[in-house]
Each structure stands twice: as C-alpha cells, then as structure tokens.
Amino acid sequence: FKGGDTCEYLLSSGRFLGEKVWQPHSCMMHKYKNSEAKNCLIDKHVVFIGDSRIRQLFYSFIKLINPQVKEEGIKHGNIPFEDKSASIKVDFLWYPEVNGSMRQRIKSWTEGSVAKPHIIVVGAATWSIKIHNGSNEALAQYKINITSIAPLLEKLAISSDVYWVLQDPVYEDMLSESRKMITNEKIDAYNEAAVRILNSSSRNSKAKVKVFSVSKLIAQETIMKSVDGLHLPESSRDTNAMILMNVYCNKIVKPIDGSCCQPQPPLTLIQKIAFCFFTLSIIGYLIISLIHRNSYRKNKSCTDLESGEEKKPVISTPNVSTLEMLLHCFCKLGLIMTYFYLCDRANLFMKENKFYTHSSFFIPIVYILVLGVFYTENTKETKVLNREQTDEWKGWMQLVILIYHISGASTFLPVYMHIRVLVAAYLFQTGYGHFSYFWIKGDFGVYRVCQVLFRLNFLVVVLCIVMDRPYQFYYFVPLVTVWFMIIYATLAVWPQIVQKKANGNCLWHFGLLLKLICLLTCIYFLSYSQGAFEKIFSFWPLSKCFELNGNVYEWWFRWKLDRYVVFHGMLFAFIYLALQKHQMISEGKGDPLFSNRVSNVLLFISIVSFLTYSIWASSCKNKTECNELHPSVSVVQILAFILIRNIPGYVRSVYSSFFAWFGKISLELFICQYHIWLAADTKGILVLIPGYPMFNVLVSTFIFVCVAHEISQITNDLAQIVVPKDNSTLLKRLLCIAGFFSGLHFFSAMQDQSRH
C-alpha cells in the first residue's frame, strides 16, 4: 500500500490488456460517453498548447465531447472549439517550441486581467530537436526556457489543472529523412530535463504540475503502427484523451467503474451507527467470553483417575447462551463487514478492469467440471430434483456465473444468453421448491414466511447499510423475495388448495389450475403494461425498496426478463407431484423414470431441444431481440436439462458433492461477489496481490468462499434466534424488526436531506 493517490498511477503507469484496452496500475478507468463528458466540463475552458502531437490529443479530447468533429483545422495554427449547449470551450494553441512566445502566453493567464483556463495541457520538444538538428545547445536552451516557464505553470496549478505531456518515443526506422535527427535518445534527454525542472521550486502539493508520462508507455507498445513514425495511431491518442478525462472528471462525475482519482466516499450517518453497533457487539462478546472462561475455570470438570467419574460443571442459563450466540454472530459479522468495506469502499486495495478472452472463461469452466465429476457420490434418495441434486444444480450454476462475472464474458453474446438461462433456472427452482412445500405441507403460517424472508434478505439488508447501496442494487434477492410472496399469495388466498384436500376431490385440481391461469394472466398484463407495473412499485414504502437511480425501470426490466419461469416451475411441480401420486413414474434406484421406450424417446427429444436452444443462443446477433424471446423459450433448456439429468436411473442416483457444497451457499456467493471478489460494485476485479493475476485470483477466491460460508452459518444461527417458532415471541420480534426499519427509514431521510 503506497497511499491513496491513484491519480499518480493513472498518469504514470499501466499496461495493455489485449491490444487496445489500457489498464492503469491499481485502479479502474471509466469509458466516458459524450453526455458524461459534457456534464463534467460544463462551463469549462480547456487549453492545449504545443506541437502536432498535442494537436492530435486535442482532437481526440474534443471527440469525446462531440464525435462528429473532423480534423480539418489549420495544421500550424490555433484551432478553437466550442460546444454552446454546455458552454464548453476547448482551444488548441500552436506553440511547437518551449520558448519566449509560449512563456508570454502562459504569463498572460497568471495576470488578473485574463481569465485562467480550468485545464491546461502543455507539451513540446520534437520541433526543437528537428530545427536545431538535435544539437546539445538546443537541449541547453530548452532547459533554460522550461526553467523560466515552470514557476508560471506552478502558479497556474494553484487554481487550475496543469498537465505537462512528456514526449512519446518515435519509431526511428519509419521516420522521414527530415526527421531522422529525432531519436529516442534525444527524446529521453528532453523528458528527463522537463521532469527534473518542473515542480522543483514548488513546496505546495496543490501547486504541482501533473506530469503526463503514461503516454510514453502507451507509445512504446503502439508506435510501430504509426503512419510516419512520429505521430501515434488513433487508438493510442484516444486512450490518452480518455486518461485525461478520467483524471479531471472522475472526482466530479464519480462513475462506479472509474476508481482512479476518486476520493474515498465519506461515511454516512447510517454507516457510522452500524460501525458503533458492530464495535459494541465485539466488545460485548469479548466481555461475556472472559466471564464464561473464568466461570469455566472455577467449575472445571475434575476427573477421578481411579474411578473415572467426572464432576460436571454448572450449565449456563439459556438466556446467557442465547445472548452470547447473538453477540458471537454480530462479532464475526462485524469483522467480515469491515473486510467488505475495506475491499470496496476504502481506497486500500487495488481494482482493475475486466478483460474478456475465450480462454479466461472456458478454461476455468472445464476445470471446475472435471473437479465436479471427480467428487461423485451416491444420493440418499433417488427422487426427481431431490435435495442433493438441487444443491448440485445450484452449485455448478453459481460457479459458472462467478466465472462469467470475473472474466467479463457479458460482452460475448452467446455466453450471455446461456447465463440468462442459468439465472432463469434459479427462479425455476424458486417456483418448484416453494410450490412443492406449500402444496405438500399446507403450512401457510407466519413462521415459515418469516424464516424464508429472513434467510433471503438478511445479508442484503446488512450490505445496504454498510456499503451504502439501495436494496434494488442486489437485484436477484428482491426478485426471489417478490416471487416467493407471489407464490405464497397465490396458494394462501381463499380457497386454500393443498394436496391433502385435492386428494379427496379431483375438482380441487381444476381450482388450482384456475389459480395458476389467473397468475399467468396477471404476469402477462404487467409485462406489457410498464405504466401499471411502475405505479404498483412506486407507492411508498415499495418505492424505497425497488427504486434505483430515482425510478423503478431497472426493477421492471429485471422482473420482465424472467417473468414466466417461476410460473413454469410451479406448473412443473404440480404435474410432477400429480404423476408421482398416481405412480406414473418410477423413482427406484437405477430405474429409468418411465418405461424404456418412453424414456428413450423423451431423452432423445430433450437432448435435441437442449442443443437446439444452444445453437439458437449462439447465433444471437442482437441482445435486445434475444432478451425479448428469452422469457418464453428459456424453459425449453431448463426442462431438457431436468429430463436428461433424471430419466436415466444411474444418473439420477449420483450427485457431485463438490457442486452441492457450493450450492448450499449459492445465495451468499452470489451476493458477496459484488464487493470482495469483484470490485467497484461488480464493474471490476479486486486486486489483493498486484502483479500476479493468477495468484491474486486464488487468494481472493479462497477468502471470498470462506466468507460466504461463514455468512451462511451466521444467517442460519441468527434465523433461529430472530425468528422463533413460538407465535407470541415471534410477534414481539416482528415489532422489533418494524421498529428497526422505521429507524432506518428515519436516518435515511436525514441522510438524503443532508446530501441535498
């Protein structure tokens, strides 16, 4: 850890990911859109001073504001640019040499009569080398001239952003005869002089001229693609312009995926309260542990070596053990949340941009599949979608999704469409699992609902507080929570139809199907009526949960993307349980699900359907069009997979314990990845060990998985305490939870008011 000034890294160091993606050392660079650039530079005046290389940078910079600009200005003259809609002025001033003329222009800005530019970008040297044929006298004069200009630039740097662009290397073999004297050795000498002289007299850190040296590194990799050996290719100068935009604008726009030059966000009131709470929990747990340890020593068991009898100590009262367990959970959670905050809110650990290659996605996929097959064991039961099988399914899907996120594979459309099916499969399991429970058990009690809601939402609520993020930011949890409530409402509303009641009268089956048809109608209506959907979720307090960036559009988009798959899961559960009840399927160990002939036909259809969907998804050309079809067709591959996995008796009788282990903590893995495996709210990658990408992934993954497993245990332990089975105690707990959320809303309103 070398300090929190990532601007210095952005301006001086980095490397290429692939051929065109520049990765600054230690931080992430945001790709600015035209609208963002305009918002940042509104009412600003930017000046570029120098030679033809600076003119190139000038054009790349103004194209970030207006891409339609053409390079038609005077080659050896001043070029003005103005965007009247945002009151932005960007000027290029032709001063190819560091001389008295350049000094006079810069001096005019230090005098009160002329308005100072907000950003000044200066650089020149190659003309001095060319005109004076690379003589040592020219270098000595350059040093004298830059010495006279340096104090003026430092004076301007007090109120403006001043950048000195070091000279890029040249490709000597390609230079024309008139430029042969411009050698890399000469350029290095001029750069060394500029670096040594600039800021030598300044003691004030705010009055420093920022040395833009990163362009040298970029040029070293790309100058051989130059047209004339002197001027950079367009992609390289565009990268330089984007770096310049990041240096100035990140602290203003504050993009999530632009961690360079962003100051650490101040702690909010709610974060401070959470910090105090976790600190008190840790102190409380340590005090109780010390008390119990002392009492344990006093009442320590004494074993009679001759008789072998042991005197048992006095057992602690249940109240004390419950309190200790509660404090123990919050103590561990407090330490874990500190790690979350340090990883993704404090400027302590480095962050890097994602870069997709086919090998970075498919090689880890093959690796985990081999591991999964290696850990094959027999299942305890051989029913369709038994517990071990669903855990295995969730496990391998979660691992694939994690690899998809860290490799940045969302840019590759075929992979994106297959991952969409995996997310849909999670929701399918939600419909299948909860419908099966309510249909078989007939348990619509408050305890069951509270247990499910607590286990789903506990971690997300804590992260919303600690990481200062809205609930909808962790979109998958709101999605499964709402669908759980929809399933519950559909089955719990009068008349309550469960398996026990339906077995007595077959007409109840038609009643349930009627309920499902009503549910499907509502889903269809809301998916094509954005206005009605937004009205429902814009009412307080729902709006507080489902708004993101001031509206519920993101929530509507996420809900609409997999709108039918939960219904498909419920319908599949109903059909499967009906077939099971009437003994129309065989679920014995090693037995095919149906007769051999039917099983073979269904297996063939399933394989063809599975491959057909994959071929269609791989041929997708437009994400929007494919997303429109996805809700209706994703169920094809899901059902095909279920049948392929369950029709053969042997395949149904085994499972991968490796995948099942991850499946048990899949929700925690999905949520924790946002901040302690990925970075910048999933936009980048967390770097704990810089310079060693593979070793870094191994270490961060190990910590990430351990944390997810620990949080899963904490959630299970707290669920037993916070959601008791006794109804009167549960009611008191619910009142406490209501009070907690009321307080949270009050402090949130105070925060919003102070921000405005």
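Leaving aside neighbours within four places in sequence, I find T379 in contact (heavy atoms within 4.5 Å) with N386, E388, R652, S653, V654 and Y655. I'm working from a predicted model, where local features need pLDDT of at least 70, side-chain atom pairs count only at pLDDT 80 or more, and totals for chains, interfaces and linings use all residues. Residues are numbered from 1 along each chain as its sequence is written, and side-chain values use heavy atoms, with hydrogens and water left out.

Next I looked up where T379 sits: in the loop between β10 (376-378) and α13 (387-407). Helices (H or I, at least four residues) and strands (E, at least two) are DSSP runs, numbered from the N terminus. Buried or exposed, I asked of T379? T379 is buried, at 10% relative accessible area (buried is under 20%, with a 1.4 Å probe and protein chains only). A polar atom of the T379 side chain lies 2.8 Å from the backbone oxygen of E381.

Then the cavities. I count two of 30 Å³ or more; a cavity is a set of points on a 1 Å grid over the protein atoms alone where a 1.4 Å probe fits but cannot get out, and lining residues have an atom within 4 Å of a point. A volume is the space filled by probe spheres set on the points, which are joined across faces, edges and corners.

The largest cavity holds about 120 Å³. α3 (52-65) and α9 (234-253) each supply at least two of its lining residues, and α3 gives the most, four.

Conventions:
Buried means under 20% relative accessible area, exposed over 50%, partly exposed in between (1.4 Å probe, protein chains only). A polar contact is a pair of N or O atoms within 3.5 Å; within protein, one must be able to donate a hydrogen and the other to accept it, and residues adjacent in sequence count only if both atoms are side-chain atoms. On a 1 Å grid over the protein atoms alone, a cavity is a set of points where a 1.4 Å probe fits but cannot get out, and a pocket is an open set with protein on both sides within 12 Å along at least five of seven lines; lining residues have an atom within 4 Å of a point.
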